[in-house]
Amino acid sequence: MIFVILGTQKIPFPRLLKAVDDLIENAHIQDEVIAQSGHTEYNAQHIKCVPYLSEADFQDYIGRASVVITHSGSGSIFSALEKNKKVIAVARLKERGEMKDNHQVELVKKLSEEGYILDGTESLTDAWNRIKTFEPVSKALKFQIPELFEKVFQAKNKVMLVCNKGGHYSEMMCLQRCWEGVSKPWMVTDNHDACFDFGNRFFEFEAFNYSRRRFRSFIGNCVYALRLCRKLEPDYVVSTGAGIAVPLFFAAKLFGAKLVFIESRARVYSKSRAGRILYPLSDVFFVQWPEMLNVYGQKAKYFGTFV
C-alpha cells in the first residue's frame, strides 16, 4: 500500500494528488493508494481519498505503507521516518499559492541532501524511479532534551503548553517524557484531538491568522489569552509555534511567566513569523538545526531535532 499525506493546511494541494494519479497510470502501479486529502477537493481516478484520519488510523496507515508520499509538513515526514519508511516528499510552493513561504522547500532540501528522503517537488516520477534502490540513511537525527526542561516540568511549577495542530503539536508531544509522572501541564491548542491526551487540562484556542482582515479575531484572541493567563497564572509557557503562541506569550509575560520558544524543525535556513516576533520576548529560545544559530543570534540555543 502507498500512503499519500496532504496534511491539515487549509490551502488545497491538488498538484500532489494529480501527480500521484498520473504516476499510478503511467508507471502502472498496482498497489492500493490511499490519501489523507485534508482540505483538498480532487476528483481522483486511482486514489482512495479520506479527508481526515484519527491519530491512531494515521499511524496505522503509515505502518502498513511500503512507501509514503507526502507534502513536506514536518509532522508527516518525521512520522514516516520514525517507522523507517521510504519517503518521497513534495514541497508546497509559495509561487503556486500553496504556502505562505517556502520553508517546506528548506526541509525537503535538508533531509534529501542527508539521505533521509527523496525530493519529489520538481518531479514525482523521477523520485519514484529511484525508490526501489533508495535506502534511507540509518543514522538517527541528534536529539537530546535540554536539562532546562527538568527544571520547567517540576511538580511545583504550573506549566502551559502552547502550539498549533499538525507538526507543531507532534513536536510538543516529543517532550511528553519530561512531564509524564511528574507534572500535569495545561495544553492550549487548536488541535481538537488534544482533549484525548489532556482531558480537562485542554483549552481550545483559535489559530492566529496574520491577515489584516482577521484583525478583529486577533483582538479577540488577545482578550482570551489575558483571561486564560489570569485564570491559570502559569510559571512557564512552552511553545513549539506557530502563530497561536503570539498573543499567549504577550499575555503570559504580563503575568510574570517565563517563556520558552522552540522554533519548528521545518525551519532550516529562515525564521518563522512567530519566531521572529517572539525571539526578543522569549527567556529561552531553541532552534532545531545548527544552521539556525546564525540566523537568529546569540540567544538561540541548539539541542538537536525532534524525532
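How many helices and strands are there in the protein chain? I found 13 helices and 13 strands, taken as DSSP runs numbered from the N terminus (helices H or I, at least four residues; strands E, at least two).

**Ground rules.** I am working with a predicted model, where local features need pLDDT of at least 70, side-chain atom pairs count only at pLDDT 80 or more, and totals for chains, interfaces and linings use all residues. Residues are numbered from 1 along each chain as its sequence is written, and side-chain values use heavy atoms, with hydrogens and water left out.

**Overall form.** The C-alpha atoms fill a box of roughly 60 × 40 × 35 Å along the principal axes. I noted that 54% of the 307 residues count as buried (buried is under 20% relative accessible area, exposed over 50%, partly exposed in between; 1.4 Å probe, protein chains only).

**Cores.** I then checked the nonpolar cores, which are sets of buried Ala, Val, Leu, Ile, Met, Phe, Trp, Tyr and Cys residues joined through side-chain atoms within 4.5 Å. The largest has 54 residues, and Ile-117, Met-160 and Leu-248 touch the most other members. Helix H11 (residues 245–254) gives the most to this core, with six residues. Leaving out residues up to four places away in sequence, I listed the contacts of Met-160, among them Trp-186, Leu-228, Tyr-236 and Leu-248 (contact means heavy atoms within 4.5 Å). A second, separate core of 26 residues includes Ile-145, Cys-163, Met-187 and Ile-262.

**Helix H3.** Eight of the nine residues of H3 (residues 74–82) are buried, so this helix is largely enclosed by the rest of the structure. Ile-77 and Phe-78 are among the buried ones. I traced what the buried residues pack against: strands S1 (2–5), S4 (67–71) and S5 (86–90), and helices H2 (55–64), H4 (103–113) and H7 (167–173). After H3 comes Asn-84, with a positive phi near 60°.

**Ile-11.** This residue lies in the loop between S1 and helix H1 (14–26). I found Ile-11 partly exposed, at a relative accessible area of 28%. Not counting residues up to four places away in sequence, Ile-11 touches Arg-92, Gly-97, Glu-98 and Met-99. Ile-11 and Gly-97 are 86 residues apart in sequence and 8.1 Å apart in space, C-alpha to C-alpha.
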